[in-house]
Amino acid sequence: MDEILEVLEKDSRITPEEIAKMLRKKPAAIKEAIRKFEKEGVILKYKTVINKDILKQEEPTVRALIEVNIIPQKDLGFERIAERIYSFPEVTSCYLISGTYDLLVVVEGKNLQTVSSFVAEKLSCLENVRGTATHFMLKKYKEDGVILRHKEENKRIAISY
Amino acid sequence: MKELISKKVDKMQPSGIRAFFDLVLGMKDVISLGVGEPDFVTPWPIREAGIYSLEQGFTSYTSNKGLYKLRLGLSRYLEIRHGLKYSPDDEMLITVGVSEGLDLALRAVINPGDKVLIPIPSYVSYGPVTELAGGVPIYIDTRPDGFKLTTKTLKKYLEKKPKAIILNYPTNPTGVSYTRKELSEFNKILLKHKVLCIVDEVYGDLTYDFEHTPFATLPGARNNTVYLDGFSKSYAMTGWRIGFACGPKEIIAAMTKIHQYTIMCVPITSQMAACEALVSGRKSVEEMKREYKRRRELVVSGLNDLGLICSKPEGAFYAFPSLKKIGMKSMQFSKELLQKQKVAVVPGTAFGCDYDDYIRISYASSLENLKEALSRMREFLKGI
């Protein structure tokens with residue numbers, strides 16, 4: 001992977017000027033490379049990782065992993081039906097996987113009720129959906145390589161040879 | 001009570017900057033650029049191997065030389081990575097960090113009054129450990145040549161008929177390292193004058209601009225070299241206290257004799273974890289190295305922009321900028337920077353009274369911290 005991407009993947013707020021210094025390149029060259037990555041769709045988006053568990057919200061959100069069994073369509077396979085599913089705003093992630101079911105869908109909602117009704121009223125009744133199994137998420141420990149907890153205090157002594 | 005203390009130890013100079021270290025340790029919310037160890041935690045698979053070994057009940061002594069499994073793994077690793085051939089049976093010893101390895105090497109070869117060359121500024125222990133071994137340290141100030149030992153200087157000092165030289169590259173505190181060509185020249189001269197080379201290559205994996213050359217790989221050097229290395233810096237394992245020594249079997253046997261009576265063996269948990277480091281740790285080493293290299297670029301250009309002039313360190317995670325342009329001495333600079341902006345650095349005097357115009361900056365700290373520290377230093381410099 002390009003080193004610019006390696007740096008940005010760790011911290012998307014780092015500026016092109018800083019990257020230029022770190023990689024000993026011209027800022028203009030870095031900006032251009034980033035623009036190219038964005039244009040090609042290599043860089044899709046810049047996001048912030050928020051630990052919602054410690055956010056004092058009135059209504060915490062509920063997440064569920066849903067296994068979906070599908071009857072593939074002629075010529076289109078899973079694509080068409082996957083699109084119909086992932087287009088719902090409630091769906092935050094959608095993967096085609098091997099094994100005993102076909103799609104793994106992550107759904108987010110205000111509470112159990114909203115997620116359940118989404119599954120019952122939207123997802124299950126789609127034609128070609130053969131069956132679903134819903135797993136409500138209880139706790140998030142790690143997501144996309146980020147361990148979700150308070151920053152760890154530094155355990156090194158502050159000065160040494 | 002003082003009369004109880006041995007004359008040799010009593011004569012040793014306590015580090016003059018202990019008080020400054022205590023000041024740093026007593027302060028809260030300090031951004032520290034004064035740390036001589038990686039800011040990464042030991043990679044999880046290595047920690048896990050240590051935990052698992054405890055669960056399995058590996059809590060005994062090991063052979064004095066260290067676990068055979070570890071020596072064998074190291075021997076294979078050194079051969080594959082550097083083409084270095086050391087027999088796990090009698091040419092290797094697992095030590096409590098490079099610190100113990102250095103002490104053993106010196107005690108194994110030094111007779112009272114033997115001279116040992118030490119290019120400085122250097123890691124703080126080289127001189128005192130030489131003295132404890134009964135040797136006489138002869139310091140080579142490398143400042144005139146940009147902190148690099150040159151063949152010319154080396155030749156001059158060889159006239160003093162030293163028995164050994166302690167070479168450390170990449171160097172703590174300057175980050176200086178040497179290319180294969182430069183080392184070859186040293187090697188030829190040392191062989192010719194029959195001066196034993198004790199090398200501390202603990203930062204070897206953190207060499208950024210060229211390949212690190214282990215001294216023992218140079219033609220004819222193997223039988224004239226005690227090669228010291230460890231897991232501390234490469235695998236972020238400082239607290240495990242584990243390193244190793246490789247060399248001609250007579251020297252390793254002599255070192256093992258001292259080791260067996262003083263240390264007995266390295267804690268088995270650390271040895272088991274080190275075995276895992278050799279198996280799964282390389283990927284982490286490469287990642288850490290790329291990260292340090294990027295930080296180096298940011299810090300070195302940042303320091304130079306601030307008027308803290310330093311050349312680019314070729315390895316380790318230190319920069320050693322000069323305060324000459326600022327016009328302050330190292331202790332005053334470090335104290336005021338700490339008190340006014342809560343940034344800790346190591347005053348150059350920690351590495352000898354000749355280095356009062358320098359400070360050591362460690363970039364083994366997160367990018368976020370480094371950026372913040374640089375901006376605080378900018379503020380600090382505005383105020384003087």
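Predicted model: local features only at pLDDT ≥ 70, side-chain atom pairs only at ≥ 80, totals over all residues.
**View 1. Chain B as a whole.**
Chain B holds 13 helices and 12 strands. Its radius of gyration is 21 Å, close to the 21 Å that the globule rule gives for 384 residues, so chain B is as compact as a globular protein of that length. Along the principal axes, the C-alpha atoms of chain B fill a box of roughly 60 × 55 × 55 Å. Of its 384 residues, 50% count as buried.

The domain assignment gives chain B a domain 1 made of 12-36 + 283-382. Domain 2 of chain B covers 44-280. The C-alpha centres of these two domains of chain B lie 26 Å apart. Their contact takes 24 residues from domain 1 and 25 residues from domain 2 of chain B. On the domain 1 side, helix H11 (282-305) and strand E9 (318-319) of chain B each supply at least two residues. H11(B) gives the largest share of that side, 6 residues. The domain 1 side divides into 12 nonpolar, 6 polar and 6 charged residues.

**View 2. The seven-stranded sheet of chain B.**
This open sheet of 7 strands has the order E2-E8-E7-E6-E5-E3-E4 in chain B. Its pairing is mixed. Strand E2 (92-95) and strand E4 (136-141) of chain B are the edge strands, and each pairs on one side only. From one strand to the next, the twist averages 20°.

**View 4**
E2(B) pairs with strand E8 (residues 243-246) of chain B in the antiparallel sense, over 4 bridges. Helix H5 (residues 97-109) of chain B lies across E2, E5, E6, strand E7 (225-230) and E8 of chain B. H5(B) runs at about 160° to E7(B).

**View 3. Strand E6 of chain B.**
Is strand E6 (residues 196-200) of chain B buried or exposed? Of its 5 residues, 5 are buried, so E6(B) is largely enclosed by the rest of the structure. In a regular strand the side chains alternate between the two faces of the sheet. Here B:Leu196, B:Ile198 and B:Asp200 point one way from E6(B). B:Cys197 and B:Val199 point the other way. Strand E5 (residues 164-168) of chain B pairs with E6(B) in the parallel sense, over 5 bridges. Within this pair, B:Ile165 has B:Cys197 in E6(B) as its bridge partner.

**View 4. The contact between chain B and chain A.**
Here 19 residues of chain B are in contact with 13 residues of chain A. On the chain B side, helix H2 (18-25) and H11 of chain B are the elements that give two or more residues. H11(B) gives the largest share of this side, 4 residues. The chain B side divides into 11 nonpolar, 4 polar and 4 charged residues.

**View 5. The domains of chain A.**
Chain A is divided into domain 1 (3-40) and domain 2 (56-139). Taken over C-alpha atoms, 36 Å separate the centres of these two domains of chain A.

Four strands form an open sheet in the order E2-E3-E1-E4 of chain A, with antiparallel pairing. Strand E2 (91-96) and strand E4 (129-136) of chain A stand at the edges, each with a single partner strand, so one side of each is left without a neighbour in the sheet. Neighbouring strands are turned by 20° against each other on average, direction ignored. Strand E1 (residues 62-70) of chain A runs antiparallel to E4(A), joined by 7 bridges. A:Ala64 has A:Phe136 in E4(A) as its bridge partner. Helix H4 (residues 79-86) of chain A lies across E1, E2 and strand E3 (103-109) of chain A, at about 165° to E2(A). Helix H5 (residues 112-123) of chain A lies across E1, E3 and E4 of chain A, at about 20° to E1(A).

Definitions and conventions. Residues numbered from 1 in each chain as written. Chains lettered and ligands numbered in written order. Domains from an automatic or database assignment. Contact = placed C-beta atoms within 7 Å. Nonpolar A, V, L, I, M, F, W, Y, C, P; charged D, E, K, R; others polar. Pairing = 2+ DSSP bridges. Axes fitted to C-alpha atoms, helices over the stretch in contact; angles between N-to-C directions. Rg over C-alpha atoms; globule rule 2.2 N^0.38 Å. Buried ≥ 20, exposed ≤ 12 C-beta atoms within 10 Å, placed from the backbone.
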